[in-house]
Amino acid sequence: MKNKILILASCLFLSACAVQPDAPTSTVKLIHASSNIDELLAYHAQLRKMTPAELGRELQRINTYPAGPANLVRRAMALALTRDGIDLAKAEAQLWNVMADNSVEAEKLKPLVQLLVGQYADLRRLADSAEKSSVQAKEAQRKVDQLNDKLEALKNIERTLPAGGK
């Protein structure tokens with residue numbers, strides 16, 4: 001009986017020491033498209049550091065470039081940073097031109113362009129909402145001013161009334 005237990009214990013020990021084959025691992029292959037997305041992102045970072053005057057000069061310079069997909073994205077980035085609603089709409093139009101382009105360069109830029117289109121659409125909605133809120137605030141202030149004027153007029157009338165005696 002002792003031998004059977006000893007043999008069983010040694011078998012368990014040896015099976016625990018056995019080399020297990022490595023579990024299959026999955027590999028993730030990173031795809032690096034050779035486009036100028038990195039250069040465009042660096043360009044955007046430079047644009048964000050510019051003053052409004054420098055940004056205006058940069059827009060004039062960009063407008064002299066040929067209308068390739070990367071230059072359209074550059075132009076859109078610069079236009080979007082002017083914080084003007086009309087320029088933001090122009091920026092979106094530039095990006096939609098890239099989305100409609102089927103060239104190899106445009107295809108490589110489309111993920112970035114889709115991101116920018118979404119961001120610029122959100123910016124336009126925020127700008128529209130801010131403008132609407134501003135109009136509502138001005139209207140509310142106008143009503144407050146009218147009510148204050150009426151209140152002052154009533155106070156003046158009250159002051160001119162003879163004191164009612166008993």
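Student: What tells me where Gly68 sits?

Tutor: Gly68 has its place in the loop between α3 (52-62) and α4. Helices here are DSSP runs of H or I with at least four residues, strands are runs of E with at least two, and both are numbered from the N terminus. Before we go on: this is a predicted model, in which local features need pLDDT of at least 70 and side-chain atom pairs count only at pLDDT 80 or more, while totals for chains, interfaces and linings use all residues. Residues are numbered from 1 along each chain as its sequence is written, and side-chain values use heavy atoms, with hydrogens and water left out.

Student: Why does Gly68 count as partly exposed?

Tutor: Buried means under 20% relative accessible area, exposed means over 50%, and partly exposed is in between (1.4 Å probe, protein chains only). Gly68 has 23% relative accessibility, so it counts as partly exposed.

Student: And what makes Arg83 exposed?

Tutor: Arg83 lies in the loop between α4 and α5. Its relative accessibility is 61%, so Arg83 counts as exposed. Arg83 also has a positive phi of about 65 degrees although it is not a glycine. Most residues other than glycine have a negative phi.

Student: Why are α2 and α4 called roughly parallel?

Tutor: Angles run from 0 to 180 degrees between N-to-C directions, and axes are lines fitted to C-alpha atoms, for helices over the stretch in contact. Under 35 degrees counts as roughly parallel, over 145 as roughly antiparallel, 65 to 115 as roughly perpendicular and the rest as oblique. The axes of α2 (residues 37-48) and α4 (residues 69-80) come within 10 Å and cross at roughly 25 degrees. The two helices are therefore roughly parallel to each other.

Student: What makes α4 and α5 roughly antiparallel, then?

Tutor: The axes of α4 and α5 (residues 85-100) cross at roughly 160 degrees and come within 8 Å. That is why α4 and α5 are roughly antiparallel to each other.

Student: How do you know whether Leu161 is buried or exposed?

Tutor: Leu161 lies in the segment after α6 (104-160). By the same cut-offs, Leu161 counts as exposed because its relative accessibility is 54%.
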